[in-house]
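Here are my notes on the model you sent over. Have it open while you read.

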Amino acid sequence: MDFSKWVLLISALYMLLLTTLSNCSLTPEELAEIPVNFLKFAKRPEISDWMVGIRRKIHENPELGFEEFETSKLIRAELDKMGIPYKYPIAITGLVGFIGTGKPPFVAIRADMDALAMQESVEWEHKSKVEGKMHGCGHDAHVAMLLGAAKLLQEHRHDIQGTVILVFQPAEEGGGGAKIMADAGILENVGAIFGLHVSSRFPIGTVASRSGSILAGSGVFEAVISGKGGHAALPQHTIDPILAASNVIVSLQHIVSREADPLDSQVSLSLSLSLSLSLSACVLVCVSGEVVTVAKFQGGNAFNVIPNSATIGGTFRAFSKEGLMELKQRIEEVITRQAAVQRCNATVNFNDPFFPVTVNSEELHQYFGNVARDMLGENNIIEMKPLMGSEDFSFFAEVVPGYFYYVGMQNETQGQLQPGHSSYFTVNEDALPYGAALHASLATRYLLEYQPKSTSSNGISHDEL
């Protein structure tokens with residue numbers, strides 16, 4: 001490209017920047033006041049206590065993915081009270097609400113609704129009332145925060161220059177509810193989407209995130225290894241699937257120890273195997289941003305009977321689609337071929353689709369930093385490292401620019417909080433106003449700072465309003 005073309009390109013970019021900035025009628029000082037004021041509003045007892053009550057109602061009545069009927073009913077009732085229109089159902093139990101003009105620009109803020117299939121071990125007044133189900137990942141808090149943001153935004157709806165879309169999503173915990181909602185077109189004409197997650201890793205009053213890949217992509221596999229059962233005293237007359245499955249688990253570790261460059265690898269290995277009437281195992285292999293975990297091992301119901309088959313299952317994770325595909329291929333090869341060595345047959349099934357890598361937009365990262373610094377201060381913004389966990393928010397971020405971040409809730413004076421997916425997981429409810437205010441601030445300022453060049457909507461709107 002010659003010099004004159006470079007000048008034209010730079011001039012065009014400069015004019016685009018000026019156009020974007022000039023569409024915002026507020027001064028930088030006035031923009032900076034928005035998140036500060038939203039946080040003050042969110043901390044008012046009438047709002048913070050209301051969010052706590054919402055969260056506790058949902059916590060007492062946890063529902064699994066695509067079964068969140070009562071949770072969705074509660075959300076719709078609260079939106080009705082606030083006079084916020086919505087569209088329901090989407091993805092069985094999901095819904096989207098609308099605040100603002102119904103015209104461009106559009107921005108979305110999202111909360112997941114589902115619980116986990118686990119028994120709560122925390123003894124407190126609002127413990128789960130449903131046997132074997134628990135909000136052990138904070139989704140009850142996420143719903144309360146988004147409803148809190150809805151209340152803040154609805155009270156200031158006449159100041160909103162565009163439309164905020166409230167996304168209440170089912171089935172994040174492995175069900176891929178985000179993909180179904182995205183495929184239903186809820187992000188049509190949307191400029192960006194923001195999502196959050198509470199975290200016991202970071203102090204209360206802080207947020208943590210990063211640009212680019214923040215969470216790994218993941219897939220789930222399950223394998224049935226079939227042999228020939230018989231009496232435990234006569235193994236020579238059997239083809240032992242337990243032994244074959246055990247060798248498969250060990251061989252899966254060799255994907256790391258014999259296929260990864262040792263100069264480019266950092267390996268973490270954890271093995272826990274217990275044998276009784278049935279078997280359970282957990283194997284963790286981590287290398288160069290890739291993880292294979294065998295967390296399920298089932299075989300047999302009697303101590304003196306070799307079963308006909310054994311089942312293993314787990315997850316695999318990587319920070320690229322290519323990495324996921326390579327792991328998938330090697331997992332299938334290792335399982336089927338190692339089973340054959342032991343004279344067994346194996347069938348391997350994978351979930352579809354795999355969760356993509358969660359990637360934060362660089363532009364939105366800068367925008368998020370500006371808003372969060374105005375609200376919380378420079379020292380309370382944490383640049384975090386990527387995590388090997390996965391999030392189906394990634395499906396949204398594949399459709400439109402997305403940004404995912406963590407809201408801290410650790411308070412050392414209250415003791416160490418347990419991490420998500422622990423039966424002892426608890427939520428510091430003091431974090432609820434921060435999540436609500438961040439949702440509201442990110443949406444409001446996005447609509448102010450990312451106004452379209454022309455005020456003409458060309459017929460683009462959300463007719464649900």
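1. Leaving out neighbours within four places in sequence, V164 is in contact (heavy atoms within 4.5 Å) with G97, F98, I99, V107, I109, L153, A443 and L447. This is a predicted model, where local features need pLDDT of at least 70, side-chain atom pairs count only at pLDDT 80 or more, and totals for chains, interfaces and linings use all residues. Residues are numbered from 1 along each chain as its sequence is written, and side-chain values use heavy atoms, with hydrogens and water left out.

2. V164 also shows up, with L79, L147, L166, F168 and F194, among the residues with the most contacts inside the largest nonpolar core, which has 71 residues. Such a core is a set of buried (under 20% relative accessible area, 1.4 Å probe, protein chains only) Ala, Val, Leu, Ile, Met, Phe, Trp, Tyr and Cys residues joined through side-chain atoms within 4.5 Å. Helix α11 (residues 432–449) gives the most to this core: 11 residues. Helices here are DSSP runs (H or I, at least four residues), as are strands (E, at least two), numbered from the N terminus.

3. Two cis peptide bonds to look at. One runs from Y88 to P89, omega near -5 degrees, with P89 in strand β1 (residues 86–90). Another joins P104 and P105, omega about -5 degrees; P105 is in the loop between β2 (94–100) and β3 (106–112).

4. Then phi. R343 has a positive value near 70 degrees, and is not a glycine; R343 sits in the loop between α8 (321–341) and β15 (345–350).

Technical notes. Buried means under 20% relative accessible area, exposed over 50%, partly exposed in between (1.4 Å probe, protein chains only).
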